[in-house]
Amino acid sequence: MSTTGAAQRAGEVLAQWDDWSARCTDQLFDLDTRATSVGTDADRLDVAAAFLCRKAIFDRIEQLRVAVQRGGSDVAALSTRPLVDGQGGLVADNLSSAANLVDAIIAKVDQRLTAIEQADATVERSVVAIVHDLAEADRLVEQLGIHAGRVAKLHTRAATTDRTAVSLTALATDVMSMVTVLRSADSDRLRIVAALPGIPAKLEQLVAREVAVRAVVARCRDKVLPLPNLAVPAVAAIEPLDAAVVLSSMPWPAAFAKLQPYLDRLDRLGAALDEVDRRFSLVLSRRDDLRGLLQAYRDKAGAHGLAEDPLLEPAYRVAEAVLWSAPCNVDVAEPLVDVYTDAVNNAVVLRSTPRDSGER
């Protein structure tokens, strides 16, 4: 290799060590700050050892710089020569080994400090969450009058729990679970309180609904059979309730035990009225559907010239007589309609099939 080539190569080696030196310096000063803040004695001793090793490396890099200025012939020998500290103690067998040692110390201390910092952050987040959630729990306990003893025990745990990430995370989880229970209860309270002003209007609607359903039932009794074995529930059977008196005279748990069943009863009454309406109307709709089907097949027969057919007309008249009677027994009418519709279909098929007379 020429002298110029050796000098260029030596300059490149020096540039690489300068880059490492700048990166190492930044990392070590950052670690030193972190170790002073949160690290252990072992962390601080390791950082100090890395600084000593760095000092030996920097001294060797300066020797490389002088060698490069002189042409670079001594760079290879300087890179492989052992490094010693200020007291003559061996630091590493060569420059690369020394750099690897410093990098290893930096990585090890950084890992330990990161674990400590993350644990500290977890502790801080848990403490903030516990304080916030206990305050909300206190407010909800005062408002709802429930779970006061359980929340008091959580306050005792908060005052005595070790300030470790594991202990505080467990406590924060338990406090949050308690707050979730209280929030659910408060949601029920808000829902019920919001529903109470509408009770009078809902009762009026149920009374009107009952009148309408009774009219449907009466109409069905006149017109169709068989009828569902269902009674129309009476809105008057529900006792009056002064929700304002209940709320003002009882603690919330007792008020809830009285108000929730009452609201549920109103909902069940509405559903029961709907079911009576549906079941009775279904019988009437069944009669109307059978009437429509019978007439449709009468029209079909007429379209094929069979409206007054002597084989079809008796079946039609029998079904018609039952369907237009009052009350109409739809269980009796349905098979009669089936007989007529089957007869029409068969007659139409026969009329549509060419006769084979045997003549040409």
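Contact here means heavy atoms within 4.5 Å. The model is a predicted one, with local features needing pLDDT of at least 70 and side-chain atom pairs counted only at pLDDT 80 or more, while totals for chains, interfaces and linings use all residues. Residues are numbered from 1 along each chain as its sequence is written, and side-chain values use heavy atoms, with hydrogens and water left out.

Start with Ser-126, which sits in helix H4; helices (H or I, at least four residues) and strands (E, at least two) are DSSP runs, numbered from the N terminus. Leaving aside residues up to four places away in sequence, Ser-126 touches Leu-168, Thr-169 and Ala-172. Ser-126 is buried, at 7% relative accessibility; buried is under 20% relative accessible area, exposed over 50%, and partly exposed in between (1.4 Å probe, protein chains only).

Helix H4 (residues 95–144) packs on helix H6 (residues 165–195) at about 30°, with the axes 8 Å apart. Axes are lines fitted to C-alpha atoms, for helices over the stretch in contact, and angles run from 0 to 180 degrees between N-to-C directions. That makes H4 roughly parallel to H6, as angles under 35 degrees count as roughly parallel, over 145 as roughly antiparallel, 65 to 115 as roughly perpendicular and the rest as oblique. By class, the contact of H4 with H6 has 18 nonpolar, four polar and five charged residues. Ala, Val, Leu, Ile, Met, Phe, Trp, Tyr, Cys and Pro go down as nonpolar, Asp, Glu, Lys and Arg as charged, and the others, Gly among them, as polar.

Another helix pair is H7 (residues 199–223) with H9 (residues 252–303), packed at about 25° with axes 9 Å apart. H7 is thus roughly parallel to H9. Sorted by class, their contact has 15 nonpolar, two polar and 10 charged residues.

Now for the aromatics. A search of the whole structure turns up four aromatic pairs, where rings of Phe, Tyr and Trp (its six-membered ring) pair if their centres lie within 6.5 Å, and planes under 30 degrees apart count as stacked, over 60 as edge-to-face and the rest as tilted. Trp-17 and Trp-20 form an edge-to-face pair, since their ring centres are 5.9 Å apart and their planes are at 75°. Both lie in helix H1 (residues 3–38), three residues apart, about one turn of the helix, and both are buried.

Most residues other than glycine have a negative phi, and most peptide bonds are trans. The bond from Leu-225 to Pro-226 is cis, with omega near -10°, and Pro-226 is placed in the loop between strand E3 (224–225) and helix H8 (243–249). The bond from Ala-326 to Pro-327 is cis as well, with omega near -5°; Pro-327 belongs to the loop between H10 and E4. His-147, although not a glycine, has a positive phi of about 60°. His-147 is in the loop between H4 and H5 and is partly exposed, with a relative accessible area of 28%.
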